Amino acid sequence: MTAGIAPLTSRPAWKALQSHHQNVRDLHLRQLFAADPKRGERLTAEAVGIYLDYSKHRVTDETLTLLHQLAEESGLRQRIDAMFRGEKINVTENRAALHVALRAPRGASIVVDGKNVVPEVHAVLDRMADFCNRVRSGGWKGHTGERIRNVINIGIGGSDLGPVMAYETLKYYSERSMTFRFVSNVDGADFVEAVRDLDPAETLFIVSSKTFTTLETMQNAQSAREWSLKGLGGDVKAVAKHFVAVSTNAADVAKFGIDTANMFEFWDWVGGRYSMDSAIGLSTMLAVGPENFRAMLDGFRQMDEHFRTAPFERNLPVLMGVLSIWCNDFFGAQTVAVLPYEQYLKRFPAYLQQLTMESNGKHVTLDGTRVAWDTGPIYWGEPGTNGQHSFYQLIHQGTRLIPCDFIAFMTALNPLGRQHDMLLANVFAQTEALAFGKTPAEVKAEGTPDWLVPHRVFEGNRPSNTILLERLTPDALGKLVALYEHSVFTQGAIWNIDSFDQWGVELGKVLAQRIIPELEGKAEPALAHDSSTNNLIRRYRKLKGTI
């Protein structure tokens, strides 16, 4: 347990919340709004261009006071300060968690192991900007003298989810004369489909792997190397004109054939799922240009400063974090639906899945003690209004409580008649319907036959946040991502878990390395797995031999 911090269930605020929950758990949002006509105006917060309406959560003023007290008792303020100071809060890996340094302004000082890392961050950003300007202007030529028109990012996890989400989100601002694609899956179909209609002479690959050893990434990189050389006459010198690396392993980068002058580094205090604003974002900068990339970083920075300095009761990430804990640990909500009413954000829920579940999917506290409470909920979602015609049925009338985050922008990037008004009308209507539902009396008053009434009743009392921004810009994306980063941090601090390691991804990877030669070897292997795994391996080998 962190020094001076009592176990979660022993904290006074936690005990008070348990008692308080017994008193309010059956309150309906209809009652709460009827008792406080200005609730929808009061239970809101606004900062750095983001407006948060959390009035449709099942909370009272006492709930909020106790949740903020829980954050204080959990040492959240001290944990925030420790992160921004560069302390090694990732305890199992003895590392800092300093994604906030990636967007710190020039001249700032954030010290890790006695060294200010901000100048290094800006040196890499400057090199990225110079490289991107050369490629975007046509100054960078391929092996045969053609300009680069296609960029393929090869990575996985944080080296893919962040870049592909940022590209899709900021597509409005992207260089449309260039094609951008992303390869992550070791399934060969991912690579083959990405390059099927491209000319190797006009294609640049970004290989994103900190260690330059990641299994899926390096297999795809080798396939890309072979594809490029086949299309460029086999001259290995061509690799240096068509591949760059985001890595720290200069030796293996050079061995691959990449000029280490075109290797962009990041640091072990940057977790993969927090790295989209580091050199991992090279494809993003190529797509939208250095100026827009820096605007995105400024959006991150603005939310960082808000999180670091704002009182908890007006702190957007803290509010979202404690409300998530209230739903998760007291109402038993096991999932959170993220519902962006913005088509450009179609990959945002997938991005959040890694950010939230890899961070807080933990079963022990910082000192290795088994937790006695639920930690990270499952995050999922799709853009509105598409989801309304599929899974919203379960949210409205199912038996599970599913808190929802609705995200919307007041101004459309692509105005088209009355469509944006229709889009926003659906946002407001859905949050209203989820909160208040429709009673049996209201259904009967519509002339519904008695036998049909139960089917058309909406219980309501489904909690939601509404997150509004003015316009989807690069800086708005930075603010939105940082909002969720710091909400995740808030929850992890209260649960007293390490939100910055990810040991859960290791075991399957290790076993896969053991099984690969058992699938590929010519001689029948001596298998020592369980009977199911042994049988599956033998079945695959048998079928493979007949193909």
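Biologist: Which helix gives the most to the lining of the second largest pocket?

Modeller: Helix α17 (residues 419-436), with 5 residues. A helix here is a DSSP run of H or I with at least four residues, numbered from the N terminus. This is a predicted model, in which local features need pLDDT of at least 70 and side-chain atom pairs count only at pLDDT 80 or more, while totals for chains, interfaces and linings use all residues. Residues are numbered from 1 along each chain as its sequence is written, and side-chain values use heavy atoms, without hydrogens and water.

Biologist: What makes a residue part of the lining of a pocket?

Modeller: A lining residue has an atom within 4 Å of a point of the pocket, which is an open set on a 1 Å grid over the protein atoms alone, with protein on both sides within 12 Å along at least five of seven lines. The second largest pocket has 20 such residues, and Glu342, Gln343, Gln419, His420 and Leu423 are the closest to its centre.

Biologist: How is the lining of the second largest pocket divided by class?

Modeller: It has 8 nonpolar, 8 polar and 4 charged residues. Asp, Glu, Lys and Arg count as charged, Ala, Val, Leu, Ile, Met, Phe, Trp, Tyr, Cys and Pro as nonpolar, and the others, Gly among them, as polar.

Biologist: What makes α21 and α22 a contact?

Modeller: Contact means heavy atoms within 4.5 Å. Ile515, Glu518, Leu519 and Glu520 of α21 therefore count as in contact with α22, on which Thr533, Ile537, Tyr540, Arg541 and Lys544 take part.

How values were computed: On a 1 Å grid over the protein atoms alone, a cavity is a set of points where a 1.4 Å probe fits but cannot get out, and a pocket is an open set with protein on both sides within 12 Å along at least five of seven lines; lining residues have an atom within 4 Å of a point. Helices (H or I, at least four residues) and strands (E, at least two) are DSSP runs, numbered from the N terminus.
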